[in-house]
Amino acid sequence: MAKSVKALITPEVLKWVREKRIRLEINFVAKKLNIDSERLEAWESGTDQPTFAQLKKIAKLYKTHITIFYLPKAPTDFKPLTDYRVLPGTSTRDAEEIYRLNANIVEVIDRRQTIIGLYEMLEEVPPKVSLKININEESGKAAEKIRRFLDFNTKKLPRTKDRYKVLKFWRRTVEAKGILVCQTSVNTHLSVELQTARGFCIAQRPFPVIVVNPKDSPYGRIFTIIHELVHIALGESIIQNMNFEEVSFPNFDPIEVFCNQVAAEVLVPQNELLKMVKLKVNNKILSEACAYFRVSPEVIMRRLLTLNKISQREYQTFRKDQQKKYKDNIQEPKGFPHYHTRLLNASGEFFARTAFRAYYEDKITLSKLAAVFSYCDTKHLSKIESSIFA
């Protein structure tokens with residue numbers, strides 16, 4: 001029977017995909033495939049081969065196309081992301097979370113390769129991302145470089161209380177410079193917990209990619225976008241799950257501290273904030289600063305702390321008060337966004353527009369267009385189209 005036909009794959013590539021591309025432990029994979037780890041070891045060593053049916057299961061688990069296993073040798077140009085996460089031990093739940101995160105990374109790597117291919121079909125030159133900074137630069141100067149690169153100043157922020165409109169503004173501002181801004185997978189079984197990763201970035205050019213976790217707040221995602229943009233400017237692909245207030249202590253990596261300092265200065269420039277806060281900080285000034293810079297009170301208070309405008313004690317009092325307010329006002333989520341919205345958020349508007357342009361110019365078929373949006377049903381495409389071109 002066809003199901004029992006052996007797949008004559010390259011064992012070295014099978015092992016490479018697991019260890020380097022999807023980065024999974026052999027015992028975890030064997031359990032997912034419902035086989036003994038010894039059998040998987042035999043497939044990876046070449047002493048045995050999986051059947052074609054088993055190879056299809058592996059490809060699905062590894063989030064990759066089945067043809068990759070037939071390459072004559074393992075690729076050498078794949079670079080893993082630097083990992084700044086602080087994860088607990090090695091429980092089953094942790095292994096599952098790591099799998100989900102790594103599956104998201106593979107999806108994004110493939111999406112980046114797809115848009116490069118689409119640009120080749122369109123016979124267009126990808127936008128050049130010229131932004132570069134050095135870790136030894138003063139954070140204010142680095143922030144000014146980023147603001148100039150984005151052609152951004154605070155007055156351009158949308159004057160709205162809708163945090164999601166502010167988030168959309170920042171996504172579009174960054175994407176206008178040839179950097180893809182996406183969210184984690186549209187597939188709910190691959191959703192990533194916030195404590196696992198707030199976001200990650202792929203710094204390779206063309207088309208660097210920033211990915212944020214939709215489980216974070218809109219303002220949290222904005223800060224992550226700018227934080228990851230600093231990493232891209234440094235030329236470093238990373239995973240991180242630390243937030244603004246965590247990465248300020250001496251025991252944390254100096255690169256993460258630097259990225260947070262620069263991101264904070266991009267969002268809330270020191271000279272502009274100090275013009276608003278001349279004497280004592282009060283609730284009215286805090287509220288006005290949040291409204292002007294379109295950031296959370298947390299970001300403003302952290303900036304004031306680092307600028308010695310408030311004491312550590314005042315900041316800690318604020319933190320306790322905020323945590324109590326959060327617990328008192330916590331609400332259940334109001335449901336998932338529409339599926340076409342999730343598809344668009346996962347791919348990003350820049351990617352979506354490029355895919356539709358390729359379709360309009362007959363470079364790809366309708367089925368291929370659906371395929372680049374997670375192989376969605378074609379009925380969702382018109383709604384995506386309306387969202388980005390309306």
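Q: What makes Arg-18 count as buried?
A: Arg-18 has 6% relative accessibility, and buried means under 20% relative accessible area, with exposed over 50% and partly exposed in between (1.4 Å probe, protein chains only), so Arg-18 counts as buried. This is a predicted model, in which local features need pLDDT of at least 70 and side-chain atom pairs count only at pLDDT 80 or more, while totals for chains, interfaces and linings use all residues. Residues are numbered from 1 along each chain as its sequence is written, and side-chain values use heavy atoms, with hydrogens and water left out.

Q: Which residues of helix H1 are buried?
A: In helix H1 (residues 11-21), the buried residues are Val-13, Leu-14, Trp-16, Val-17, Arg-18 and Arg-21; helices here are DSSP runs of H or I with at least four residues, and strands are runs of E with at least two, numbered from the N terminus. After H1 comes Arg-23, which has a positive phi near 55 degrees.

Q: Why is the contact of Glu-44 with Arg-18 called a salt bridge?
A: The term requires a side-chain nitrogen of Lys or Arg within 4 Å of a carboxyl oxygen of Asp or Glu, and the closest N and O atoms of Glu-44 and Arg-18 are 2.6 Å apart, so the pair qualifies. This pair links distant parts of the chain, with Glu-44 in helix H3 (residues 37-45) and Arg-18 in helix H1, 26 residues apart. Glu-44, at 8% relative accessibility, counts as buried.

Q: What makes Glu-96 and Lys-32 a salt bridge?
A: The N to O distance between their side chains is 3.0 Å, which means that it meets the cut-off of within 4 Å. Glu-96 lies in helix H5 (residues 92-121) and Lys-32 in helix H2 (residues 26-33), 64 residues apart.

Q: Why is the ring pair of Tyr-292 and Phe-293 called edge-to-face?
A: Among the 15 aromatic pairs of the structure, this one has ring centres 4.9 Å apart and planes at 80 degrees, so it is edge-to-face. Rings of Phe, Tyr and Trp (its six-membered ring) pair if their centres lie within 6.5 Å, and planes under 30 degrees apart count as stacked, over 60 as edge-to-face and the rest as tilted. Tyr-292 is partly exposed at 28% relative accessible area, whereas Phe-293 is buried at 1%.

Q: Why is the pair of Tyr-360 and Phe-389 called tilted?
A: The ring centres of Tyr-360 and Phe-389 are 6.0 Å apart and their planes stand at 50 degrees, so the pair is tilted. Because Tyr-360 lies in helix H15 (residues 349-360) and Phe-389 in helix H17 (residues 381-389), the pair ties together parts that are 29 residues apart in sequence.

Q: How do you know that strands E3 and E4 pair?
A: Two strands pair if DSSP finds at least two bridges between them, and E3 and strand E4 (residues 209-212) have four bridges in the antiparallel sense. Within this pairing, Val-209 is the bridge partner of Ile-202.
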